[in-house]
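Colleague: I would like to learn how to read side-chain contacts in a model. Can we go through one together?

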Amino acid sequence: FLPVPSLIHAESDSAEENAPTDVLGLGLRTKFTSGDLPFFALPSLGGSEDLRGFIAGRWRDRASWEITLEYRIWLLPRGFPIPFTDRIRVERFGAALFSEAGAVANNGSRLFGSPVRWSYGVGLRASLERAAPFRVDVGFSEDGVNVSAGFGLGF
């Protein structure tokens, strides 16, 4: 991840614990298999972590690669308490823009000659007490629109 200057909030004090930092992230993931595996255990693309514009497991075979470029920015960088409770607060609220590409093939030697699938989209990020980042992403692809949600960051 590469920290980038924020477009929305003031730069943080270097002494601040858990300072808000906007980032540009680049993720690369490859998977290869050998031996007999059930269909559901094969590498797949699509869903909440990769090629988010496709339904979960849309593309599946014995080898896969995927690359993601994601720009994460904090819209509300320093949080607020949730009304009617003293213990829970939203620490951060932000957004992400992403673009992804990937492919699957029946073996590693054919992987980079396989058709490349693309998806792009936007997402919202909320972090409760710094320990539970929650995300909702809307991805677009040749198949249409896919909405996914989950805890943690995609990469």
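Colleague: Over the ring of which residue does the charged end of arginine 60 sit?

Modeller: First, the ground rules. This is a predicted model, where local features need pLDDT of at least 70, side-chain atom pairs count only at pLDDT 80 or more, and totals for chains, interfaces and linings use all residues. Residues are numbered from 1 along each chain as its sequence is written, and side-chain values use heavy atoms, with hydrogens and water left out. Now the rule: a charge sits over a ring if NZ of Lys or CZ of Arg is within 6 Å of the ring centre and within 35 degrees of the ring normal. Arginine 60 has its charged end over the ring of phenylalanine 39, 5.1 Å from the centre.

Colleague: Over which ring does the charged end of arginine 58 sit?

Modeller: That of tryptophan 59, 4.0 Å from the ring centre.

Colleague: How many aromatic pairs does the structure hold?

Modeller: Rings of Phe, Tyr and Trp (its six-membered ring) pair if their centres lie within 6.5 Å; planes under 30 degrees apart count as stacked, over 60 as edge-to-face and the rest as tilted. The structure holds 4 such pairs. Take phenylalanine 54 and tryptophan 59: the ring centres are 5.8 Å apart and the planes are at 80°, so this pair is edge-to-face.

Colleague: Is phenylalanine 54 buried or exposed?

Modeller: Buried means under 20% relative accessible area, exposed over 50%, partly exposed in between (1.4 Å probe, protein chains only). Phenylalanine 54 has 1%, so it is buried. Tryptophan 59 is buried too, at 15%.

Colleague: How many salt bridges does the count come to?

Modeller: The rule asks for a side-chain nitrogen of Lys or Arg within 4 Å of a carboxyl oxygen of Asp or Glu. The count comes to 11. One of them joins glutamate 49 and arginine 29, at 3.9 Å from N to O. Glutamate 49 is partly exposed at 42%, and arginine 29 is partly exposed at 23%.

Colleague: Which residues do salt bridges that share partners join into one network?

Modeller: Arg52, Glu70, Arg72, Glu100, Arg125, Arg135 and Asp137.
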